[in-house]
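Visitor: Could you walk me through this structure?
Guide: Gladly; let us have it in view before we start.

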Amino acid sequence: MSNVTGEATTMLPILKKKLAFLSGGKDRRSGLILTIPLSSDQTSMEELSATLDYLLSIPSQKCKARGFTVIVDGRKSQWNIVKTVVLMLQNVIPAEVSLVCVVKPDEFWDKKVTHFCFWKEKDRLGFEVILVSANKLTRYIEPCQLTDDFGGSLDYDHNDWLNKRLVFEKFTKESTSLLDELMIINDSDKGSAVDKEKSADCALLPSFDPETVLQTGHELLSELQQRRFNGSEGGGGQAGPAWCPMEEELLAQPQVMKLLDSLREQYTRYQELCRQRNKRTQLDEIHAKVMQVVTWLQGPGSELLKTQQAIGDSSRAAQALQQKHEEIESQHSEWFAVYVELNQQIAALLSAGEEEEVAELKALQQQLSDVCYQQAAQLEGRQHVLQAAQGFHGTTQELSQQMDGLLGMLCADVAPADGASIQQNLKLLEEKLQTVEAGLASLRQKGGLLMEQMCTTQPPWPLEEAEESPAGEQQDSAQHVQTVMEEMQLRKQRCEDMVDVRRLKMLQMVQLFKCEEDALQSVEWLGELLDALLKTHVRLGDDSQENRIMLDKHRKFVDVAQSTYDYGRQLLQATVVLCQSLRCTTRSSGDTLPRLNRVWKQFSVSGEERQQRLELALNFHTAAERVLQQECVDPESLDEVDSSGKTLMDRLTLPVIFPDGTEQYFGTPSDTAAAAEGVRERLLLVEERRLQLQEVELHDDEEDEEEEEEEDGRVLNGQEARLDVIGEELSEKEEQDEEEEEEEEEDGGQQQQQQQQQQQQQDEDLERATQDC
């Protein structure tokens with residue numbers, strides 16, 4: 001280890017001035033290059049001497065033996081200062097200096113040099129001194145070993161070197177002091193039995209943190225090795241990374257490595273010593289804590305659990321028991337936390353313990369685990385029982401409230417406004433019943449679970465304590481659970497019976513509303529059919545075939561109306577029966593029946609009138625078609641067709657007279673005119689046929705034109721007489737037809753009157769039954 005005349009910390013202000021430095025460069029003899037950069041300012045020789053003493057104390061003796069090459073840069077200084085510095089080197093480092101290169105300014109000292117020749121003073125100085133300009137310095141030193149001040153490529157940072165030097169000296173100081181302290185601590189443990197009983201943190205502690213010192217040393221060593229590697233690549237006079245002063249010769253890398261090795265060795269012994277002391281202390285502490293935990297769990301902890309066996313008779317009581325149990329668990333959790341910590345400590349000691357220690361630790365660990373697991377199982381079982389009890393009591397309370405709500409709904413009167421509200425109430429009733437059934441099923445499940453939990457979690461009390469244990473209290477709790485479930489089952493059965501009765505009544509009311517709605521709907525349908533009959537059933541067929549088809553359709557139309565009417569009467573009769581069954585005296589559909597009968601009578605009259613018109617049209621077109629198709633037509637047939645057509649046209653202009661005296665026409669006047677237009681066109685065809693027959697007769701008369709005028713007169717008189725006879729016959733025929741029609745109308749009126757009387761009698765019976773209801 002090199003002798004250090006001073007520390008960089010104390011000389012920091014002087015070293016920062018960079019009065020001299022070791023750049024890390026070497027001469028051709030591998031000697032170190034010492035550079036003294038003189039400035040224009042006055043240089044303190046005392047500070048320069050101190051700087052040189054410090055720098056020369058850094059290299060090893062082996063490195064010093066190779067000698068130094070000193071570069072005195074006097075380009076910015078005066079000659080007398082340069083000469084003083086060179087002479088000072090004789091007193092400071094005469095043996096180590098092999099060559100002094102004085103860098104002179106160009107052509108400045110030529111005359112003065114003659115007064116003092118350094119080469120003549122070589123024997124007295126002990127080293128060779130040469131004057132050289134900066135550009136010729138490479139004759140003695142390779143450019144790669146010179147800094148850029150002298151045209152070289154060597155990189156040197158004085159501040160960086162100074163910082164690294166401070167780190168090195170700090171590490172050397174701290175590591176040396178730490179080594180001494182660790183050796184004292186480790187050696188004292190061998191011969192002193194008293195120290196073996198001391199804990200690791202009570203007495204001999206080093207002044208420095210070993211981990212921090214080791215980390216600093218490793219970082220420093222890594223930096224030194226990195227710089228050495230970079231420097232070796234930059235040698236040989238080639239351009240590249242320059243040689244730095246943080247090298248083996250300058251910063252004593254072997255010294256750092258040796259300190260690190262010694263420090264690691266002593267620190268390892270120190271750690272082992274502390275580990276042994278800690279282990280002995282931990283064993284004693286663990287044993288005491290284990291016994292403390294076991295004593296509490298088997299004593300006060302067990303006593304607390306013995307006093308808590310009830311399940312309560314309500315949710316509030318169960319919650320109070322749960323709070324008490326949580327307090328007990330909180331007390332146990334503190335000891336369980338100690339158990340976990342002790343178990344981790346024991347496991348750590350077991351992994352690195354001695355054979356005699358392992359057996360003791362395992363015994364302690366087994367004893368502690370058995371007691372803790374047993375107590376934890378009892379706590380968990382009790383917690384499950386309380387949770388099941390809370391669930392059971394909560395379900396019981398909820399189910400009781402649900403059945404109370406259902407009973408309240410069943411006891412309330414049913415007075416809905418319509419069938420939809422009844423359906424909604426019925427749906428709500430069914431949902432409440434289903435909720436009660438689901439609640440009862442849940443209650444049975446939770447009750448069974450609670451009794452199972454109570455049977456399976458009985459604490460293992462000793463035999464002498466079993467007689468005094470609260471087993472009787474558990475039996476009472478189980479009996480209470482069974483009783484509650486049976487009571488809830490009976491209440492649910494009563495609710496079901498009441499729901500069945502209410503369901504039947506509400507279904508009948510739904511049916512009653514439905515019958516009333518459908519009866520009103522049948523009245524509306526029948527009114528729509530009447531409206532359609534009067535407004536759209538106006539047209540007559542253009543021929544007999546079309547009239548026959550329309551007559552068939554009309555009969556079917558009337559059948560539909562008859563079915564609608566019968567359906568409405570059946571619904572009204574059903575409402576009477578339902579009102580009697582429900583004893584519903586406030587409801588009555590008496591206004592529906594008169595409306596139904598009134599609309600039906602109007603439809604019957606209108607339908608009969610429509611049918612008669614269609615039959616007249618059918619007879620008219622049939623007779624007209626027969627007359628138009630025959631070659632020889634009797635004039636009487638033509639007269640009959642003409643008479644029936646006029647009767648039909650007159651019938652189309654007549655209104656329908658309802659039983660209440662009101663009148664109603666079929667369609668609009670334009671519709672009636674359109675229907676009569678077809679009849680009028682057919683009458684014109686018949687008239688044309690009549691004219692054709694007359695033309696035939698006239699043609700026969702033209703053949704007898706040669707007869708005498710008398711015969712013509714007689715023929716004409718005969719024709720006039722014939723026409724008079726025909727006219728009288730037509731008049732008599734019309735009178736007979738009118739008499740026959742009056743007789744038919746009287747017969748039809750009698751039949752219709754009889755039907756109306758029968759219908760009126762039925763309506764009166766139905767109205768009387770409705771009023772009675």
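Guide: The protein chain exposes about 43700 Å², of which carbon and sulfur atoms supply 48%, with accessible areas taken from the Shrake-Rupley method with a 1.4 Å probe, and for residues only the protein chains shown count as cover. This is a predicted model, in which local features need pLDDT of at least 70 and side-chain atom pairs count only at pLDDT 80 or more, while totals for chains, interfaces and linings use all residues. Residues are numbered from 1 along each chain as its sequence is written, and side-chain values use heavy atoms, with hydrogens and water left out.

Visitor: How many helices and strands are in the protein chain?
Guide: The protein chain has 21 helices and seven strands, which are DSSP runs numbered from the N terminus (helices H or I, at least four residues; strands E, at least two).

Visitor: And what share of the residues is buried?
Guide: Of its 773 residues, 39% count as buried, meaning under 20% relative accessible area with a 1.4 Å probe, protein chains only.

Visitor: Switching to R689, where does it lie?
Guide: R689 lies in helix α20, which covers residues 669–703, and R689 is buried, with a relative accessible area of 14%.

Visitor: What is R689 in contact with?
Guide: Leaving aside neighbours within four places in sequence, R689 is in contact (heavy atoms within 4.5 Å) with V627, L628, Q630, E631, C632, V633 and L638.

Visitor: How many disulfides turn up?
Guide: A search of the whole structure finds zero disulfides, a disulfide being a pair of cysteine sulfur atoms within 2.5 Å.

Visitor: Is C101 buried or exposed?
Guide: C101 counts as buried at 0% relative accessibility, and C495 counts as buried at 1%.

Technical notes: Buried < 20%, exposed > 50% of the residue type's maximum accessible area, 1.4 Å probe, protein only.
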